[in-house]
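Please study the sequence and the structure before reading each solution.

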Amino acid sequence: MLRSESVHRWVALLLLLGCEAPATPAAAPPPRVLYPAALPPFPIGVVTARIGRSQAPQLVVSQDLDGEPRIPLHLPTSWQVPGDGVARAILYGLEGDTPAIELVDIDGGKIIWRDKTACGAPIVGVTTQVIVCADAHGTRAVGLDGKPRWHNDATFIAMSDDRVVIGGAGESVILDAATGDELARVKLPPGVTSDEIIASCGDAGRELFAALQDGKLARIAEAKGGPKITWSVPVGNLAGIDACVGTTVLVTASIEAGTALLSIARDTGKLAGRVDGVRGYWPARNGTDHLEIATATEVARYPRELSIGTPIALPLLGELLAKRGDQRLVRATAQTAALLDRDGVRAYVPLSAMGAALGDRSIVTASWRGSPAETVHRFAIPEPWNRMLRARPRRPPLAVPAELRDLPEAVALDVSAATPRPETAMHAVAAVALDPIDSHLLYTVTLEHPPDDANGAGLASYDLAGRTWGWARADGCGLGTPVAVSVAREVIVCAARGTKSSSVRATKRDGSKSWEFVHGNIDAIEAGADVVVVHDADRLLVLDAAAGTLLGSFTSVDGAPVRAAALDIAGMAIVVTAEQGRVLARLPRVAMVPAWTIAVDGVVRALSASGDGVLVELDDGDAYRIDARTGIATAIPGLDLRWRATGDLIAGEAAGGPIPPDKMPAIPPPPVRRGPVPPRDPDAAPFSRPWVVTGPLLDSWQYTLYDLAGGLRARNDYALSPPIWAAAERGGGDSALLVESGPGLRDVLVIDPRRGDPVRRARLPDDAPSGLAFATVVDGKPVVGVILAGPLRVALF
């Protein structure tokens with residue numbers, strides 16, 4: 001292998017001669033694996049700088065997970081099989097359109113079996129013997145050997161340990177989870193319905209707990225004359241219960257201030273203890289019946305009575321993901337997890353999936369929301385972590401005092417002057433994109449019918465300088481739902497996703513067809529110079545924008561989407577990626593060789609093009625801009641803001657100061673004094689009687705603007721109503737900033753990019769789609785407008 005210095009000299013020589021480096025010859029494809037490990041990475045290069053103030057997770061080795069099935073499960077959920085012995089997990093997901101479950105040997109990397117008929121419904125619980133599934137067709141159980149155990153047509157209500165509660169007429173029926181045999185039939189007391197039961201305790205399960213409609217938790221037990229409510233206590237919005245251990249009942253409740261954990265005496269219903277601000281909790285690792293509870297300030301060990309907590313030397317952590325023996329896999333940040341054992345932090349790993357199952361040597365992860373192509377991932381547990389972990393959860397954006405700007409009066413948008421294109425976009429407009437080369441051109445994605453596998457979307461171009469419509473291509477996007485539109489130097493690309501396959505179609509600047517790339521799934525696309533990057537769940541594909549051919553592929557190790565940005569640097573394409581704790585600028589035309597490599601002390605949350613560089617947003621809330629030409633990084637002075645790159649600006653969003661009421665309360669006149677006026681106390685405040693406003697005040701929205709060098713340009717508060725969306729399509733230079741807000745995002749505020757001054761406001765029609773406003777510069781003058789449908793129109797304001 002060439003040394004990095006030699007590679008860079010070779011790359012420089014090729015670029016100087018105007019040549020392209022030959023692509024690395026493709027090896028013979030290996031045998032197909034059901035859940036393959038991540039692709040081997042391209043060369044990383046030599047680290048020249050560092051950014052970040054946190055800690056990067058350990059590098060993990062992605063592993064195969066294989067078996068007889070040939071189709072992977074999508075949008076899976078994971079369940080740890082309890083007990084000692086071989087570490088196993090149950091996965092539930094979709095094989096095509098069919099629900100299926102499978103048993104996984106976590107450390108062996110094997111699918112032991114898959115079943116599509118015996119369960120065929122979401123999993124509601126897993127014991128040491130069976131998997132219990134339930135849906136509208138009843139409740140059933142499958143053994144860990146994959147064979148059906150029992151079926152009951154009654155509606156599933158709850159499951160506690162190895163007891164299943166099903167509904168009856170005015171009663172609850174308790175079944176043995178392993179056999180389906182009836183253990184008890186409990187007649188419910190008046191005022192309690194079967195669907196309110198949430199737990200069943202005792203050998204026969206006759207002790208029931210119910211979440212009543214009035215927000216109370218009730219205990220139902222045997223009494224003279226039949227089952228009675230022995231106590232009921234208010235708990236609020238009940239989110240979870242641990243009812244069958246010891247003399248206390250643990251309740252997780254969602255309250256206005258967050259999450260609370262309550263300990264309630266089983267016999268009396270009295271509150272034994274309470275912990276507020278809970279971020280997660282799990283069984284203590286020392287083998288006792290204590291709990292370890294993570295809050296916003298510490299992790300502490302508590303008895304089940306939640307009386308007094310003993311702080312533990314652990315970082316601030318979140319919810320439990322999986323447990324096995326004395327090990328606990330716990331969320332650390334949105335994209336990382338900490339593996340704990342008796343001694344502390346055993347490992348710190350990248351993990352953005354929603355669920356996980358824990359083995360002795362490996363971890364299996366799964367996510368049941370997100371991309372339709374979300375699937376199962378497996379990676380090895382790394383070597384022991386040998387330092388103190390300083391991970392911290394992301395905090396709310398930190399705002400600083402700023403001026404609350406007076407907003408102009410909103411004026412209804414005059415659509416009579418809009419430029420129509422007849423018989424186009426009669427159903428909807430899906431997206432808009434400005435041309436990065438010719439700022440007076442824009443492109444819209446048009447729909448004549450609801451999108452499906454038989455109907456796609458079209459493309460239409462508009463010239464803002466001449467205020468005329470140009471070409472239109474009815475099949476500019478593939479069949480299915482349009483995903484995004486983006487503009488390269490020579491083509492306009494539109495991505496569409498169908499139920500069976502997805503595609504990227506390219507259209508030349510004259511409106512003629514160019515090429516089509518067909519792929520199983522597409523979540524997003526971005527074009528830059530002469531490349532197009534395609535996001536597909538945990539995969540990133542880099543395409544040649546001229547021909548639609550594949551230049552390279554990337555996959556993430558932990559299953560998260562690959563963070564990437566496509567840049568156009570004076571006509572040369574650079575793809576910036578986040579890989580293995582690094583941010584790299586890769587040259588897609590030169591075998592993906594890195595132009596520069598920067599180490600990250602933290603986790604990259606997002607990358608976005610920012611002028612001739614890239615904005616790097618970290619998981620801890622910090623942000624940096626890296627110049628793509630030089631690799632020099634600049635820290636942006638803001639804490640935990642919602643960052644956004646927009647043209648030649650970087651913007652940060654936060655909740656601002658309070659919005660005063662429209663009409664301040666009248667101050668009563670001073671009392672009429674008779675006699676001499678007493679001298680005024682010179683130390684008294686000049687306004688001794690403050691205005692008193694009843695009721696809470698709403699927060700304003702703070703918008704901070706930075707130039708590309710990190711300098712503060714403007715910071716202002718705006719009295720806008722949520723929701724607020726500041727990602728409108730924007731060109732460069734003096735293009736205005738557009739902020740859509742209020743119900744349906746009908747209120748559009750135009751902001752001057754130099755000082756943040758509110759210029760004007762437009763009220764969109766009720767039938768106007770949201771997210772289709774744009775701002776650019778045409779012939780040196782700022783232009784703002786919005787795209788309307790039925791028919792297709794451009795309305796400027």
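**Exercise 1.** Determine the handedness of the disulfide of C201 and C244.

*Solution.* The torsion about the S-S bond of C201 and C244 is about -80°, so this disulfide is left-handed. The model is a predicted one, in which local features need pLDDT of at least 70 and side-chain atom pairs count only at pLDDT 80 or more, while totals for chains, interfaces and linings use all residues. Residues are numbered from 1 along each chain as its sequence is written, and side-chain values use heavy atoms, with hydrogens and water left out.

Next, consider the bond itself. A disulfide is a covalent bond between the sulfur atoms of two cysteines. Here the term is applied to a pair of cysteine sulfur atoms within 2.5 Å, and the S to S distance of C201 and C244 is 2.0 Å.

Then locate the partners. C201 belongs to strand β14 (residues 197-201), and C244 to the loop between β18 (237-242) and β19 (248-255), so the pair links distant parts of the chain, 43 residues apart. Strands (E, at least two residues) are DSSP runs, numbered from the N terminus.

Finally, C201 counts as buried at 2% relative accessibility, whereas C244 counts as partly exposed at 25%. Buried means under 20% relative accessible area, exposed over 50%, and partly exposed in between (1.4 Å probe, protein chains only).

**Exercise 2.** How many disulfides does a search of the whole structure find, and which pattern do they follow?

*Solution.* The search finds three disulfides. With bonded cysteines counted along the chain, they follow the pattern 1-2, 3-4, 5-6.

One of them joins C119 to C133, with an S to S distance of 1.6 Å. This link is left-handed, with -120° about the S-S bond. C119 lies in the loop between β5 (110-115) and β6 (123-126) and C133 in strand β7 (residues 130-135), so the pair ties together parts that are 14 residues apart in sequence.

Another is formed by C477 and C494, whose sulfur atoms are 1.9 Å apart. With 100° about the S-S bond, the link of C477 and C494 is right-handed. Both C477 and C494 are buried.

**Exercise 3.** Classify the aromatic pair of F209 and W231 as stacked, tilted or edge-to-face.

*Solution.* Begin with the rule: rings of Phe, Tyr and Trp (its six-membered ring) pair if their centres lie within 6.5 Å; planes under 30 degrees apart count as stacked, over 60 as edge-to-face and the rest as tilted. The structure holds eight such pairs. F209 and W231 lie 6.2 Å centre to centre with 55° between the planes, and the pair is tilted. F209 is in strand β15 (residues 207-211) and W231 in strand β17 (residues 228-234), 22 residues apart. Both residues of this pair, F209 and W231, are buried.

By contrast, Y462 and W469 form an edge-to-face pair, at 4.7 Å centre to centre and 65° between the planes.

**Exercise 4.** Which residue classes line the second largest cavity?

*Solution.* Rolling a probe the size of a water molecule over the atoms shows where empty space is left. On a 1 Å grid over the protein atoms alone, a cavity is a set of points where a 1.4 Å probe fits but cannot get out; lining residues have an atom within 4 Å of a point.

The second largest cavity has a volume of about 50 Å³, a volume being the space filled by probe spheres set on the points. Its lining includes Y703, E729 and R730. By class, the lining has seven nonpolar, one polar and two charged residues. Ala, Val, Leu, Ile, Met, Phe, Trp, Tyr, Cys and Pro count as nonpolar, Asp, Glu, Lys and Arg as charged, and the others, Gly among them, as polar.

Methods. Helix = DSSP H or I, 4+ residues; strand = E, 2+ residues; numbered from the N terminus. 1 Å grid on protein atoms, 1.4 Å probe; cavity = no way out; pocket = protein on both sides within 12 Å on 5 of 7 lines; lining within 4 Å.
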